[in-house]
Amino acid sequence: MKVELAKSAGFCFGVNRAMELVEKQIALGKSEPIYTYGPLIHNEEVVASLEKKGVHVCESNAEDKCPIVNENGGRGTMILRSHGVSANTEKHLKNLGFDIVDATCPFVKRIHKTVNEESKAGKHIIIVGNAKHPEVEGIIGWCNEPPFVIENIDEADRIPYAKDEKVCIVSQTTFNSKKFKEIVDYITKKGYDINVVNTICNATEERQQAAGELAEAADCMIVIGGTHSSNSRKLYEICAQRCENTHFIQTLDDLHLELPKSVRLVGITAGASTPNNIIEEVQNYVRNEF
Ligand code: F3S
């Protein structure tokens with residue numbers, strides 16, 4: 001029997017990188033506190049285990065309450081998570097006396113740079129995404145003038161710019177690419193002078209595609225992820241449609257497998273906030289027990 005992990009599973013590149021940066025800070029063993037600006041990922045166990053290692057979550061707007069810890073007015077290290085923050089927030093945190101470690105995903109950083117340059121060059125910015133998502137809030141804060149944020153086609157009729165003005169369109173990294181294209185096509189037909197920078201990140205799509213391909217070939221699929229995580233549920237749906245014997249678990253404790261002798265391939269995939277050690281634990285268990 002073979003056990004195979006989907007080609008793309010668990011943390012994406014940006015979250016992996018952020019986790020590594022946090023681990024590096026821990027390894028430095030400084031006496032001053034380490035904070036992340038908001039929870040690093042949507043996984044309570046990971047956040048709790050970081051807390052045990054001395055990495056505290058500082059909720060946004062609570063940064064002023066972090067104590068000053070040295071004679072220079074410093075408050076310790078603040079790690080910016082992969083979603084990124086606005087230019088003003090970064091400045092504010094520096095002014096408060098935090099040493100900043102920027103774990104903003106490079107793909108998000110690229111959007112900051114684009115909207116900053118394009119808006120400085122006089123273009124209006126349209127961001128396709130959810131205005132309340134922290135990533136979009138951060139992007140808004142890199143624009144030279146307030147951008148227009150749009151989540152669906154209906155909102156395109158409220159674009160406040162004249163047709164002959166120059167407009168640059170970017171997107172939230174996790175926005176659905178089909179919906180993005182529909183919105184861009186609609187705006188284009190309205191006759192705006194636009195340049196489109198497709199800033200959608202493929203991590204989610206790649207993870208889903210890899211899960212589907214593996215489930216197609218597998219006799220049994222294991223999907224690891226939080227029960228409240230929508231991307232993990234989606235992975236489960238995709239796998240269950242292709243492989244009848246699909247299990248959805250949070251940790252190894254939830255796994256009660258009985259595999260008939262005829263099973264040749266067990267596939268494993270994991271949602272975006274599942275840490276690598278849990279994936280490895282499940283893999284090793286299935287490899288060793290059956
Ligand atoms: Fe992850 Fe960065 Fe994409 S955080 S989802 S790799 S934009």
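How many of the five residues of strand β10 are buried? I took this up in a predicted model.

**Strand β10**

I looked up residues 220-224, which form β10. Five of its five residues are buried, so I noted the strand as mostly covered, with buried meaning under 20% relative accessible area. Next I checked where the residues point. C220, I222 and I224 point one way from β10. M221 and V223 point the other way. Both sets are buried.

**Partners of β10**

I then looked for the strands joined to β10. One is β12, residues 265-270, which runs parallel to β10 and is joined to it by five bridges. Here C220 stands opposite V266. Another is β11, residues 246-249, also parallel to β10, with four bridges between them. In this pairing I found T246 of β11 as the bridge partner of M221. I followed the chain from β10 to β11: it passes through helix α9, residues 230-242, and this β-α-β crossover is right-handed.

**The ligand**

Where does the ligand sit? I found it in the largest pocket. Around the ligand I listed C12, G14, S82, C105, F107, T173, C201 and A203. I sorted this shell by class: five residues are nonpolar, three are polar and none is charged.

**N61**

Last, I turned to a backbone angle. Most residues other than glycine have a negative phi. N61 is not a glycine, yet its phi is positive, about 80°. I located N61 in the loop between β3 (55-58) and β4 (76-80). Is N61 buried or exposed? Its relative accessible area is 63%, and exposed means over 50%, so I wrote down N61 as exposed.

How values were computed
Residues are numbered from 1 along each chain as its sequence is written. This is a predicted model: local features need pLDDT of at least 70, side-chain atom pairs count only at pLDDT 80 or more; totals for chains, interfaces and linings use all residues. Side-chain values use heavy atoms; hydrogens and water are left out. Helices (H or I, at least four residues) and strands (E, at least two) are DSSP runs, numbered from the N terminus. Buried means under 20% relative accessible area, exposed over 50%, partly exposed in between (1.4 Å probe, protein chains only). A residue is near a molecule or strand if one of its heavy atoms lies within 4 Å of it. On a 1 Å grid over the protein atoms alone, a cavity is a set of points where a 1.4 Å probe fits but cannot get out, and a pocket is an open set with protein on both sides within 12 Å along at least five of seven lines; lining residues have an atom within 4 Å of a point. A molecule sits in a cavity or pocket if more than half of its atoms lie within 2 Å of its grid points. Ala, Val, Leu, Ile, Met, Phe, Trp, Tyr, Cys and Pro count as nonpolar, Asp, Glu, Lys and Arg as charged, and the others, Gly among them, as polar. Two strands pair if DSSP finds at least two bridges between them. A crossover is right-handed if, with the strands pointing away from the viewer, the path from the first strand over the helix to the second runs clockwise.
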